Amino acid sequence: MATLVELPDSVLLEIFSYLPGLSPLEEAGGRPVAVATCRPDALHGWSAVARSWLTATSASWVQAIPLPQLPEYLALQMRPKVMWHLLRRYMASRLHSLRMGGYLFSGSQAPQLSPALLRALGQKCPNLKRLCLHVADLSMVPITSLPSTLRTLELHSCEISMAWLHKQQDPTVLPLLECIVLDRVPAFRDEHLQGLTRFRALRSLVLGGTYRVTETGLDAGLQELSYLQRLEVLGCTLSADSTLLAISRHLRDVRKIRLTVRGLSAPGLAVLEGMPALESLCLQGPLITPEMPSPTEILSSCLTMPKLRVLELQGLGWEGQEAEKILCKGLPHCMVIVRACPKESMDWWM
């Protein structure tokens, strides 16, 4: 007779499906009841499947959970086959947001994100709107494999094919995509910026650590993407002055700007004066130079922006200082936020 340890994962999951729904309140010693029967460090067998089942049941009552919090319930460690069984069998149409990572390893035993898996994900999860991939090798995965229902695509430390974002590719791919986050994607370069025009619904773009993008490429790319309403350029080799100049030339309808202050000067910030639609401006340190605009110069530029309602300064060391008082007093119609730079990775941007 087979023991519990010897049973296949699919059988264990079927057993768990007959248990009463688990809630965050059903804990023993700080852990869910089913998981509390295992050693805390157990990553295989009963423990792994129990944790995976908890993830699935959490998603069952996810209707009461705000969408940005959903990935927290899909971040537990599990084997790829277990994860896929849960998605296909128990979650399906309930799934709106999915975060996966750890697929950029060598060796035959490493899990891989295959075109077939991503296509099946789109077929089995028709309401999937946000896909966040961390440390994944997508170089052999065509972009046509991604679920067509996506509105947000985040790529963090991922390898992608050079053909992914070429302008001449099929413009009907990802027809609903509104936001794309490219965080430390080594292959991304100037020509890919212009290739983003294939996503007709795109309105938000986040570039983080995309060191192959040049100032000339950014200017040409934003000319093609003049309909963007949100742009974030963080941790890149581009200077803030050149970024703002390209924005002022081409993104007259932009509503939100967030960028690192590397190379920012008062004349560079002044190019935003009079921007008609800008509602939120975030300047993020810590690369502060002597040319950095003073609080008075920032105030002067912001006063010319008719719709500005949020001014955020991160990592400049101004929190609780005279600079904060000057800005708060001078911009009574704005929410002025002065704080230390977040320690997290780019996940905070949402």
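What follows is a short exchange about salt bridges.

Modeller: This is a predicted model, in which local features need pLDDT of at least 70, side-chain atom pairs count only at pLDDT 80 or more, and totals for chains, interfaces and linings use all residues. Residues are numbered from 1 along each chain as its sequence is written, and side-chain values use heavy atoms, with hydrogens and water left out.

Colleague: How many salt bridges does the count come to?

Modeller: Side chains of opposite charge can pair when their charged atoms come close. A salt bridge here is a side-chain nitrogen of Lys or Arg within 4 Å of a carboxyl oxygen of Asp or Glu. By this rule, the count is eight.

Colleague: With which residue does E154 form a salt bridge?

Modeller: E154 lies in strand β5 (residues 152-156) and its partner in strand β4 (residues 130-138), so the pair ties together parts 24 residues apart in sequence; strands are DSSP runs of E, at least two residues, and helices are runs of H or I, at least four, numbered from the N terminus. E154 is buried at 0% relative accessibility, where buried means under 20% relative accessible area, exposed over 50% and partly exposed in between, with a 1.4 Å probe and protein chains only. The closest N and O atoms are 2.5 Å apart, and the partner is R130.

Colleague: Is R339 buried or partly exposed?

Modeller: R339 forms a salt bridge with E312, their closest N and O atoms being 2.6 Å apart. E312 is buried at 7% relative accessibility, whereas R339, at 42%, counts as partly exposed.
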